[in-house]
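User: Could you take a close look at one part for me, the way the strands are laid out, and then carry on to the surroundings of the ligand? Please spell out the cut-offs as you go.

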Amino acid sequence: MSGLLVAGTTSDAGKSLVTAALCRWLARRGVRVAPFKSQNMSNNSMVCADGAEIGRAQWLQARAARVEPEAAMNPVLLKPGSDRRSHVVALGKPFGTLEAGEYATGRAGLAEIAFDTFSSLRKRFDVVLCEGAGSPAEINLREGDYVNMGLARRFGLPVVVVGDIDRGGVMAAMFGTLALLSAEDQALVSGWLVNKFRGDVGLLRPGLETLEKLTGREVLGVLPWLDQVWIDSEDALAAAGWGASGGSLRVAVVRFPRASNATDVDALAAEPGVSVALTADPDTVRSADVVILPGSRATVDDLAWLRARGLADAVRARAEAGRPVLGICGGYQMLAAEIEDDVESGAGTVPGLGLLPTRVSFSADKVLARPTGSWRGQSVEAYEIHHGTVTATGPAESFLDGYRRGAVWGTMWHGAFENDGFRRAWLGEVADWSPAAGAPGFGALRESMLDRLADAVEEHVDTEALLRLIENGADGSLPFVPPGV
Ligand SMILES: NC(=O)CC[C@H](N)C(=O)O
């Protein structure tokens, strides 16, 4: 066995989800499988047991594969700090920054890191399931690419292309993706996976048959639209996969332009009776039962945005009225009296919201840690990813690693809400809320979601054909579809 690249016709076609589904499907068959994404662009990341930072999606895919997540599964992580600048993480550690103009040149060294890592991973696992990025037909980026066809070509990996039928145009997107690739790239593109389908598959069949005829490639499966399936996403905006809203406890999460680790609130959203809204609306922030300021990859800039949007006033009014506000990491930093930052924004010393008696100081060294602790007798396992550190400047009650004053709470710890006892105790204390009887824990929900994904693969995908592809690679006689590039 060897590998496969899961590419997509667009971003958000479902590559991460399909890769996670295939990881769990193979793991259930007893295959030792590892996920891999050469380069992920995301502010949602996780700290592995060895202290390495990787994209949250690869971390979840490793969980799906039932293997220990590690740096090699996502050797390059680009964390956008602004529209023009990304912080680079290579092999789990900070590796400088990349400006938009350097995108082509600055990546050559990163490609070699990714290729070497893939080679080593492939020696240690039976199968490596690779996830592409965006679309392989972004022909302006093809030269120097090491995430999509650049990776597939280097290692001779067969490619399946996932398309999102829910947004329409999927057949044109699939045909066009193929026809815009060179003959050599096309030779690896081996099949199609239609994703997020709702309705009668019988109506779709004639279209798929034509697509198969025109491309000479098989539709390997039509995966249904799955409710209540979310994935630790690359994009904070992908939160639409959360469970049904309409809960009696309303949590508002402020949608910072550079939100990071916004997956923190997934566990709240999954709790029956709790509805979570990502928002930039001051009225929603005023009226919610609980407000959360999540992490941010640009604390000082997102704080300025918070003020400009009238959200800072709404947060302050809540705090004064004794209505709960929780800041996590970057959001916690914003609650301080003062922020000294010559590192992330270079803004020097700026006033914070002044809602906690704390001071923040940024350092070039990055904290990557997996702390444990407890609160009100509930144990908490968490992770930390930040440059800024917080110190108290006045009296405040301690809360996890951070502080609480009145209705304002703050912690640098990500992932605390995944701890069922802590999550429910905290919601109980701040919002007088109690869990539904017999509500499942978050870890159990995540596990059952991964199994549902694998069930969907078994039911809706030609798994024999997929296994052949993973074992034997692309069939040498796939036709070329003009015009090519
Ligand atoms: N994960 C975060 O929210 C990071 C907070 C802040 N940008 C820092 O690096 O310190």
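Analyst: **Strand layout and ligand shell**

Let's begin with an open sheet of seven strands, in the order β15-β13-β16-β18-β27-β26-β25 and with mixed pairing. The edge positions belong to β15 (274-279) and β25 (397-399); each has a single partner strand, so one side of each is left without a neighbour in the sheet. From one strand to the next, the twist averages 20 degrees. This is a predicted model, in which local features need pLDDT of at least 70 and side-chain atom pairs count only at pLDDT 80 or more, while totals for chains, interfaces and linings use all residues. Residues are numbered from 1 along each chain as its sequence is written, and side-chain values use heavy atoms, leaving out hydrogens and water.

Strands are DSSP runs of E with at least two residues, and helices are runs of H or I with at least four, both numbered from the N terminus. Two strands count as paired if DSSP finds at least two bridges between them.

Three bridges hold β3 and strand β6 (residues 76-80) in a parallel pairing, and Q39 has V76 in β6 as its bridge partner.

Now to the ligand. The shell around the ligand has 16 residues, of which S296, C329, E344, H387 and G388 come nearest; a residue belongs to it if one of its heavy atoms lies within 4 Å. β17 (295-296), α12 (330-334) and β24 (384-392) each supply at least two residues of this shell, and β24 has the largest share, with four residues.

G388 places a polar backbone atom 2.8 Å from an oxygen atom of the ligand. Q333 has a polar side-chain atom 2.9 Å from a ligand oxygen atom. T299 has a side-chain N or O atom 3.4 Å from a nitrogen atom of the ligand. Taken alone, the ligand exposes 300 Å², and the protein buries 98% of that, with areas from the Shrake-Rupley method and a 1.4 Å probe.

The ligand takes up the space of the largest cavity. A cavity is a set of points, on a 1 Å grid over the protein atoms alone, where a 1.4 Å probe fits but cannot get out; a molecule sits in one if more than half of its atoms lie within 2 Å of its grid points.

Definitions and conventions: A polar contact is a pair of N or O atoms within 3.5 Å; within protein, one must be able to donate a hydrogen and the other to accept it, and residues adjacent in sequence count only if both atoms are side-chain atoms. On a 1 Å grid over the protein atoms alone, a cavity is a set of points where a 1.4 Å probe fits but cannot get out, and a pocket is an open set with protein on both sides within 12 Å along at least five of seven lines; lining residues have an atom within 4 Å of a point. Axes are lines fitted to C-alpha atoms, for helices over the stretch in contact, and angles run from 0 to 180 degrees between N-to-C directions.
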